[in-house]
Amino acid sequence: MMRVSKRSFVLRSLLASLLGVLCTIQLTPLSAADLAPPKVLGFERLNGTPALPEIAAGELLLGELNCTSCHAADGALASRVDKKPAPILSDVGNRVRPEYLRGFLNDPAATKAGTTMPNVLATLPEEERKEVVEALVHFLSSTGEVEDQAPRKMNANRGEALYGSVGCLACHDPRPTDGSLVPALKASISLGKPSRKFALPGLAKFLEDPLAVRPGARMPHMNLGQADSVAIASFLLNDLEMATGLEFVVVPGSFTKLPDFSQAKVAATGEAEDFTVDVTKLKENFALRFDGQIDLPIDGEYEFFLYSDDGSRLLIDAEVVIDHDGVHAPAEKSKKKKLTAGKHSVAVEYFEQSGGEELRVQVKLPGAARRPLADFIVAGKKSETSAAVAPPKFALNLDLAVKGRDLFSSLGCASCHAMKISGEPIDSKLTSKPLSQLKLESGCLAITPQPKTAWFPLSELQRKAIVAAVKGAASQTSKLVGNDAVHRQLTTFNCYACHARGDIGGVDEAHDAFFLTTTKEMGDEGRLPPPLTGVGAKLKPEWTKKVVAEGNKVRPYILTKMPKFGGNLPSFAAEVAAADEKLVPAAPLAQEQWKDRKFKAAGKQLVGAQGLGCIKCHVWGDKAIPGIQAMSLTTMAERLNPNWFHPYMINPVQFRPGTRMPTAWPDGKATLPSVLNGDTNKQVQAIWAYLLDGKEASAPAGLTTGAIELVAYDEAIIYRNFIEGAGPRAIAVGYPQKLNLAFDANGMRLALIWQNSFMDASKHWQGRGVGFQPPLGDNVVKFPEVVPFATLTAAETVWPKEIAKDQGYKFRGYKLVEKLQPVFLYSFGDIEVEDFFEPIGSDGLFFLRRTVTLTSKSSPDRLYFLAAQGGTIKETADGGFQVDNGFTVRLPKDTKAVLRESEGKSQLLIPVEFTNGKATITETFDW
Amino acid sequence: MNSLPSIGRCTLVFLCSLFMASMLSAQDPQKQPDPNKEETYYKLESFPIPEHISLEAGSLEYLPNKTLAISTRRGDIFVLADPFIKDPADATFKLWASGLHEVLGLAYKDGWLYATQRCELTRIKDSNNDGKADVFETVSDGWEINGDYHEYAFGSKFDKDGNVWVVLCLTGSFSSAVKYRGWCLRINEDGKVLPTCSGIRSPGGIGMNCAGDMFYTDNQGPWNGACALKWLKPGSFQGHPGGNKWYKETGEAIGPAPKEPKSGSRMMVEAKLIPELEPPCCYFPYPEMGQSAAGVVCDTTNGKFGPFAGQLFVTDQSHSTVMRVCLEKVDGHYQGACIPFRQGFTSGALSILFANDDTMFVGGTNRGWGSRGSKPDSLDRVVWTGELPFEIHEMHAKKDGFEVIFTKPVDPKAAGDVASYKLTTYQHIYQSAYGSPKVDHTTPTITKVEVAADGKSARLFVEQLQEGHVHELHLDGVRSAVGLKLLHPVAYYTLNYIPQ
């Protein structure tokens, strides 16, 4: 084994540094003023405020800059410094590009502004520094190889949204993709250009589990999972050439089952992001095949879902997993399959004959929710073209690597960085004086680099703080406890970026816009991480411990994730509990009654819709009423301290100023006297007793209700609401003959007709009534979103597409005639229209007849009524007009209908002919 | 026993009521009504809601034939033929119209019932007199809806010019996705739409004062630090800029869009910079007074409902209460105080109406938003017992303090003592984020109290009144001439303008 003699190295460095000092004065004056000082977020945030006095700031920096890894602290100071371990480098070669290592080792702060890694080689002469750096680069890169893989555009887009929402922005600068410049934020780390350092697989792996490399959790574990880590990594690497990941072929032809793609005539090929019919403009008579590769995160049983109209097939590793062939309406098939972690080839085949075209491919990971299979698609290696512009491939020199390994030990890299080679840890051979023996004006703390020592471009404030902490060590005789310990941990781990505790921290104005919610109506409570004021009294210590160690998502509406800090804050839960213990007095707990079933039943009654209605705003496990959906009631007992729950329920505002949580006991008096005699304490305790059963408790009343089916018995009924396919101003009519329609009073058009059941009103008549409700019955026919009348000056004049109001249509309402059947009234120009529908027929066989009556003084010419429109309209043997495969329109014998093709569609037009200012048109729908 | 023979059942009911009556009469001589209870002065009587109907009462209207029309969130209109029937349990609800879209406004005129639905203002008539409506004419659909549940439309009664005023909730809390969300529109008999005010967020009701000026309630949320009563002064901006993009569509009907308010500021700071910005006339402190301000009605009973003629009554859906608001005009702007009035409504109190010149009707719902009243739907009536409560009647701002007027003469000693009062102030952050904490707390000094010779009012001299602040006045030490405590010893005065 080759070794660099330590002595000769030191001698040479001495000489070199002397020379260096002489030579570099004019050339590269390296000094703290030129470089960004190491960025420690807790210091940036609180420095100069009473929340971080100078000595405390110094102690923070001693830990964050890892000073005590070389310079031992002793006594109380050691206990007050929480050392941030440097990244573990055992497989750094898999993660970090050699080119980046070269630049970074040569000058860390110039390569990565704000780095907390000191410059260890600053005073070496150029040539020698190069040699040392090169040896270290070869050594570090001997631990693995960076695998290049092109990021996929789709993932990068998804990653952009995730980067902007999951909480990355609490600590990192925004990265706008529109080229706009954003000023660097205070207490925020710029990520620069991560593609210099990482390739996709390495960065994604790091993001998925940062603690594996950086066990100190200053970058915490965000519980992203593999797919989201890949997405965020793809976004961070979006300056690289992007790939799509899927290749597809289009095969035109009228198929009734999937063609043999190996024999088929391919009309077009391309690259796609997702398995979607949007890759082609064809709407019917075509087939598609997608090919790509998926990368699965774990071994296990995966469930695949294939939804299509018409036929489709899913193949994994060239084996058919789901066969969903044949002409059919939109339908889904699923299949489970055991697969190993890693890469598998995937293919999806699809064809469309006519009518609707849909394709969706999803996968459900063991124990997780469904997601698009495309999320797991990976691109291949970087393409040849991008390799050409990439730097020449790194060639490992083993001799240099061996030399580097010795330097890693002798230069003290190993003092901070844990590293194992073949399972053997590398020890540092560097010895340094303990802190108490340092002079505190030279070495690491000097204004310019000094020989033989590491060097940080510290700011003056940082330098002063460190000096104060070391000098003040003697006066700080005790370990931090209670609130001081809590405050230090919240500072160190930058918890204050998201959480306020007392007057300190919380989301500041510059970051406010980055905290997003799924439910804006919840206000800041639904958007901002909760304050930690009094949290030690509020939460059970076991829960606090779990949340800190594992991260958490009890507030799913807050898009920012509570990250996982592993074992890094071991004393936090106990310290915060001790610090806050006295904030709530002992509540009158009814412990002896908590198991009493009658008492619990009273609690259940209070929680339910006709009690205090807690469930109107709170989720119950996986059940919820549409609306606010605040945190689940089934987690309360697991999380909360009962002593805190009691007074909080009676007066929430006292604990959380501005909360929207109402009280049912204003001034301590029960508003519901009928339960438990209106005894406030008993009521609160009964709720607690009920909540103690968590998910095991039976759900409270009012949470699940069935359909509210509206039925027309002897007369027509009307349902006016948001109806899917008929818009927000829909008027649905159900007829006793089991025919139904929906009129769109915005578009002034017949929007839908269907048979059998009319409407389910439960969506709109329960809770707040969120969303559009589709028809309840069968055979729903959708009509085109165009106005019913148009003046066509020539045979080829296209049907107008402007919205009805802009064409002068006015809705006038309706009148109810016999059997409460409505006649819709509207007008345009000087024409008044009465549009009447009625079921005709007998013996259970009914058709819907539409009679449109127009009245006009001007009796305009060339006015047409659109009786039907579709892909194809065929005249049937009995004189009807069949529209696609959906329905048939029948017209009275003497109707002068015109069938024409316009803009790729078939239209059945009826000229409007006025007699004495009046015209009547009749059509009957048979479907 | 599945069913009692009808005679038997009647007998049973009769016997029960006799028994109850005898119990009551037996108790009456001993029991003096408790002077500290609201029910001593205002009786709250609930109409049992038949099981087969949902009476989530969005709006109420009193019809010339002395019946009460009740519109519901499910889109029905019921008619209560006998709203003043002695026992509300004997009242019958008759379905008059159905199939409408969440009706939150009813107004009667010339044989037509005008209903404000989510989607339009419709006038409805029973043309063949069969007891069911059959003509539904669209008066105006001059606003858009997007399908968001928040897009409520509350309609007023007719103003003196024959307009119905409609206040339109934003799309959600923050934005105006389609035209005129976040606006107040006036709609005349011909259906002509007159854009009237922008700046609305999430109304809970609309109503006029006795002078015919229109007010609405807006709820805590973005740009609304707390729920408040606001004056829909034509041309004004009510504070939430979400809908201001529609100014360009108004054809300058009310001038150009006002300047954008600065988030994080204070209401009166911005009101000085933005002339169109009309500050809320009265905040309803959150959560002391309520959490969902809703219906507004003026006491037009000329004293038949007690001492509060001319004042406004406002419901709170969340607290199931009715509050009282007395307003005055200072510098051309309405401002004033809110005072608790009556609690204990059966469901979330929403719609409110005076009928027959003496009875208050309150309709309720708690669907989607919980309330202290635990029933899903309700119709309650409030009747004055004729007993005069000892209450704060009015509160007026003065350049150096307040004047508090009482419903009964006070004990001059207690009412003249500075220590009988406690005055604190605060305001809200005027901001784009949801709601606001109470900020800028102060404690002005009451230096002196002068009680009027007739004992009916007290003049408080105050140092350091705070412009723009809610002045929270507690009068725990004040006693009536016969030693009674005030029924509600607190008033919250929103002092936007200090009279000079």
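Which residues of H23(A) are buried? They are Phe599(A), Lys600(A), Ala602(A), Gly603(A), Lys604(A), Gln605(A), Leu606(A) and Val607(A). Buried here means that 20 or more other C-beta atoms lie within 10 Å of the residue's own, exposed means 12 or fewer, partly exposed is in between, and the C-beta atoms are placed from the backbone. Helix H23 spans residues 597–607 of chain A, and because eight of its 11 residues are buried, the helix is largely enclosed by the rest of the structure. Those buried residues pack against helix H27 (680–691) of chain A.

Some ground rules. This is a predicted model, in which local features need pLDDT of at least 70 and side-chain atom pairs count only at pLDDT 80 or more, while totals for chains, interfaces and linings use all residues. Residues are numbered from 1 along each chain as its sequence is written, and chains are lettered from A and ligands numbered from 1 in the order in which they are written. The model scores ipTM 0.93 and pTM 0.78.

Chain A in outline. Its secondary structure comes to 28 helices and 34 strands; these are DSSP runs, H or I of at least four residues for helices and E of at least two for strands, numbered from the N terminus. Of the 927 residues in chain A, 45% are buried. The C-alpha atoms fill a box of roughly 110 × 80 × 55 Å along the principal axes.

Next, a helix pair. The axes of H9 (residues 126–141) and H15 (residues 398–410) of chain A come within 7 Å and cross at roughly 100 degrees. Axes are lines fitted to C-alpha atoms, for helices over the stretch in contact, with angles from 0 to 180 degrees between N-to-C directions. H9(A) and H15(A) are therefore roughly perpendicular to each other, the label for 65 to 115 degrees; under 35 counts as roughly parallel, over 145 as roughly antiparallel, and the rest as oblique. The residues of this contact divide into nine nonpolar, two polar and three charged. Nonpolar covers Ala, Val, Leu, Ile, Met, Phe, Trp, Tyr, Cys and Pro, charged covers Asp, Glu, Lys and Arg, and the others, Gly among them, are polar.

Now a sheet in chain A. Four strands form an open sheet in the order E7-E4-E9-E10, with antiparallel pairing; two strands pair if DSSP finds at least two bridges between them. E7 (331–339) and E10 (370–372) stand at the edges, each with a single partner strand, so one side of each has no neighbour in the sheet. E9(A) and E10(A) pair over three bridges, and Val363(A) has Arg371(A) as its bridge partner.

On to the interface. The contact takes 39 residues from chain A and 37 from chain B, contact meaning C-beta atoms, placed from the backbone, within 7 Å. On the chain A side there are 19 nonpolar, 11 polar and nine charged residues. E24(A) is joined by three bridges to strand E9 (residues 135–140) of chain B, and the two run antiparallel. Gly813(A) stands opposite Glu137(B) there.

Last, chain B. Its mean pLDDT, the predictor's confidence in each residue from 0 to 100, is 93, and 94% of its residues reach 70 or more. Over residues 1–27 of chain B the pLDDT is below 50. Thr346(B) sits in the loop between E21 (333–343) and E22 (349–355) of chain B. Is Thr346(B) buried or exposed? Thr346(B) is buried, because 24 other C-beta atoms lie within 10 Å.

Definitions and conventions. Contact = placed C-beta atoms within 7 Å.
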